[in-house]
Amino acid sequence: MKKATIKDIAKAAGVSIATVSYILNDVKTQSISDETRVKVLKAAQQLKYVTNRTAQSLKVKKTGLIGILWFKGNDGHLWSDLKYAKTIQAIERHCSELGYHVLFMQIDNLGPSSKIIMERNLDGVFLMNVDQEQFTTISNYFGFGVPVFVVDSYIEDPLFHKIVPDFKESFQAARSLLGEDPQFLVMDSYNNAELVEFIKQQSGLDEERVHVCESIEGLNEFLSAYTGRPGIVLNEFLAHEAAKTHERLAVLCTSHCPEIVPQGMAKVAFDLNDYKEIVRMMDRNIQDADEVSREKFYCLSVIT
């Protein structure tokens, strides 16, 4: 394979060769925008130009900070502020075990301040429930060598780690618990449209049999067409609402709170302990900017 040159990087980043040279050699006398610097360093990473030793010299001095950025949706459900609480706690706990401090930030539709994010100099970052457009915007704020792990989002970019529940295995487990094929799926809404489509595909159900809950009124109307028939609910908080009018349900506990599932209802949980290895994976990426993991799509293990 031909070794990449600074000319290749300049072409990929859409800048001059001189600009690439200034950035790669960390020349302080030149005024270069953060946006251009990030663009060049990402191009260098994608082209595998930077060696391990050089990568370490290019990285910003480590701060010991891991960021968790949660992108709040517009669904307005009562449980929206709760459904990621256990996940955030697990990530924080495992980061602390490795000596990191966690910075948590909630981001709404008004958008984050790029200045605030850039000033943090995060060593690594978890993005939760981020859509493709938000991801494209905010990923530019993190420089070369800063690992970005995406939770509950389906991002088409091989550079970034993606973490979702094992939907394929959990749907199979739900069918087994129901003792028959489910006739419908009710699921909580996500910001990431690609993830919603991925879940629908994994369910094996036709589009008209899948309901993405935007309102309780819409949920009840959908369920009324399946009275007495078995189905699956994705999210245990949503299951509480569905259980008011429907009984034959299996619940996929995507919020990691199986204890709140109504008594007697079948449930499938996911292993929060998986985040221990996920955080260690991030730590390896932080310590070595050239760390390459073969698996970039991580599914949380199913517990029944």
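**Figure 1. Pairing of strands S6 and S7 in the predicted model.** In this predicted model, strand S6, which covers residues 184-188, pairs with S7 in the parallel sense over four bridges. Asp188 stands opposite Cys213 of S7. Strands of a sheet pair through backbone hydrogen bonds, in either a parallel or an antiparallel manner.

Figure 2. Six strands make up an open sheet, arranged in the order S7-S6-S8-S9-S10-S12. The pairing within this sheet is mixed. Strand S7 (210-213) and strand S12 (302-303) are the edge strands, and each pairs on one side only.

Figure 3. Helix H10, formed by residues 216-223, lies across S6 and S7 and runs at about 170° to S6.

**Figure 4. The salt bridge between Glu259 and Lys86.** A search of the whole structure finds eight salt bridges, and one of them is formed by Glu259 and Lys86, whose closest N and O atoms are 3.4 Å apart. The pair links distant parts of the chain: Glu259 belongs to the loop between S9 and S10, Lys86 belongs to helix H5 (residues 85-97), and the two are 173 residues apart. Glu259 is exposed, with a relative accessible area of 54%, whereas Lys86 is partly exposed at 27% relative accessibility.

**Figure 5. The salt bridge between Glu180 and Arg248.** The side chains of Glu180 and Arg248 meet in a salt bridge, with an N to O distance of 2.1 Å. Glu180 lies in the loop between H8 and S6, while Arg248 lies in the loop between helix H11 (236-242) and S9; this pair, 68 residues apart, links distant parts of the chain. Glu180 is partly exposed, at a relative accessible area of 34%. Arg248 likewise counts as partly exposed, at 36% relative accessibility.

Figure 6. Lys200 forms a salt bridge with Glu197, and their closest N and O atoms are 3.5 Å apart. Both residues lie in helix H9 (residues 193-203), three residues apart, which is about one turn of the helix. Lys200 is buried because its relative accessible area, 12%, falls under 20%. Glu197 is partly exposed, with a relative accessible area of 37%. Glu197, Lys200 and Glu207 are linked in a network of salt bridges. Side chains of opposite charge can pair when their charged atoms come close.

How values were computed
Residues are numbered from 1 along each chain as its sequence is written. This is a predicted model: local features need pLDDT of at least 70, side-chain atom pairs count only at pLDDT 80 or more; totals for chains, interfaces and linings use all residues. Side-chain values use heavy atoms; hydrogens and water are left out. Two strands pair if DSSP finds at least two bridges between them. Contact means heavy atoms within 4.5 Å. Axes are lines fitted to C-alpha atoms, for helices over the stretch in contact, and angles run from 0 to 180 degrees between N-to-C directions. A salt bridge is a side-chain nitrogen of Lys or Arg within 4 Å of a carboxyl oxygen of Asp or Glu. Buried means under 20% relative accessible area, exposed over 50%, partly exposed in between (1.4 Å probe, protein chains only).
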